[in-house]
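This briefing covers a ligand site and the pockets of one protein. Look at the sequence and structure first, then read on.

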Amino acid sequence: MRLVLVGPPGAGKGTQADRLRDSLGVPHISTGDLFRAHISQQTELGREVQEYLDSGELVPDAVTNEMVRERLSQPDTANGFLLDGFPRNVAQANVLGEILANAGQKLDAVLEFQIDENVVVERLLARGRTDDKEDVIRHRQQLYRTETSPLLDYYSDVVVSIDAVGDVDEVSARALRALRGEK
Ligand code: ADP
């Protein structure tokens, strides 16, 4: 299964992606995690992207797209993947479309996590990652609204939406039901 997860920062995509990976048997590819790994390993790419992550800006598309292109060329993605945090704008979605078309593949679904922004601010402040400061969180939320949420129209024929408010097990169950086309 080839799946993209879309939802505002703090909606729980990463947590649910880890569970969906186990249920669906496909790798979880988080662009945020990939960037943070580069930063902690102090690679050149890590040095290049650090200030974007710290300020909650999007990393330039050229950098992000190449990193994803490379990741999707790895053999473990041949039978599917869960993309978490990519695409984050329509330009990235076009690039993903090209990568898949070249491989004769297409997305099976885009899973949307619906949650009120104000609910997640507290959650993120408690998580305490370096980019989880209130002004940076608000900025990431704003970028979600302006840059990322248009993807829900872009992918309207494959979007499956779930209520992301609830405990982790409940939300996982909803996600699996929704992906099976059940209510
Ligand atoms: P969250 O969902 O809480 O915003 P992520 O781990 O998905 O956290 O992303 C953290 C940061 O990584 C973003 O604020 C951005 O700087 C960078 N990033 C992640 N994915 C992308 C992407 N597809 N395009 C550009 N920047 C990205």
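Helices here are DSSP runs of H or I with at least four residues, numbered from the N terminus. By that count, helix H2 gives the most to the shell around the ligand, with four residues. The model is predicted. The ligand takes up the space of the largest pocket.

**The shell around the ligand**

- The ligand is surrounded by 20 residues.
- Thr31, Arg36, Glu57, Gly85 and Arg140 are the closest.
- Helix H2 spans 31–40 and helix H3 spans 44–55; each supplies at least two residues of the shell.
- Sorted by class, the shell holds eight charged, seven nonpolar and five polar residues.

**Polar contacts and cover**

- Arg36 places a polar side-chain atom 2.9 Å from an oxygen atom of the ligand.
- Gln92 has a polar side-chain atom 2.9 Å from a nitrogen atom of the ligand.
- Arg129 has a side-chain N or O atom 3.1 Å from an oxygen atom of the ligand.
- On its own, the ligand has 560 Å² of accessible area, and the protein covers 96% of that area.

**The largest pocket**

- Which residues lie nearest the centre of the largest pocket? They are Pro9, Lys13, Asp84, Arg88 and Arg129.
- In total, 45 residues line this pocket.
- Two or more lining residues come from each of these elements: strand S1 (2–6), helix H1 (13–24), H2, H3, helix H6 (117–127), helix H7 (134–148) and helix H9 (168–179).
- The space in the largest pocket is about 910 Å³.
- Its lining is made up of 18 nonpolar, 15 polar and twelve charged residues.

- The volume of the second largest pocket is about 160 Å³.
- Ala93, Leu96, Gly97 and Leu100 are among the lining residues.
- The lining also includes Gln105, Lys106 and Leu107.
- Tyr154, Tyr155, Asp157 and Val158 belong to the lining too.
- By class, this lining has seven nonpolar, two polar and two charged residues.

Definitions and conventions: Residues are numbered from 1 along each chain as its sequence is written. This is a predicted model: local features need pLDDT of at least 70, side-chain atom pairs count only at pLDDT 80 or more; totals for chains, interfaces and linings use all residues. Side-chain values use heavy atoms; hydrogens and water are left out. A residue is near a molecule or strand if one of its heavy atoms lies within 4 Å of it. A polar contact is a pair of N or O atoms within 3.5 Å; within protein, one must be able to donate a hydrogen and the other to accept it, and residues adjacent in sequence count only if both atoms are side-chain atoms. Accessible areas come from the Shrake-Rupley method with a 1.4 Å probe; for residues, only the protein chains shown count as cover. On a 1 Å grid over the protein atoms alone, a cavity is a set of points where a 1.4 Å probe fits but cannot get out, and a pocket is an open set with protein on both sides within 12 Å along at least five of seven lines; lining residues have an atom within 4 Å of a point. A molecule sits in a cavity or pocket if more than half of its atoms lie within 2 Å of its grid points. Ala, Val, Leu, Ile, Met, Phe, Trp, Tyr, Cys and Pro count as nonpolar, Asp, Glu, Lys and Arg as charged, and the others, Gly among them, as polar. Grid points are joined across faces, edges and corners, and a volume is the space filled by probe spheres set on the points.
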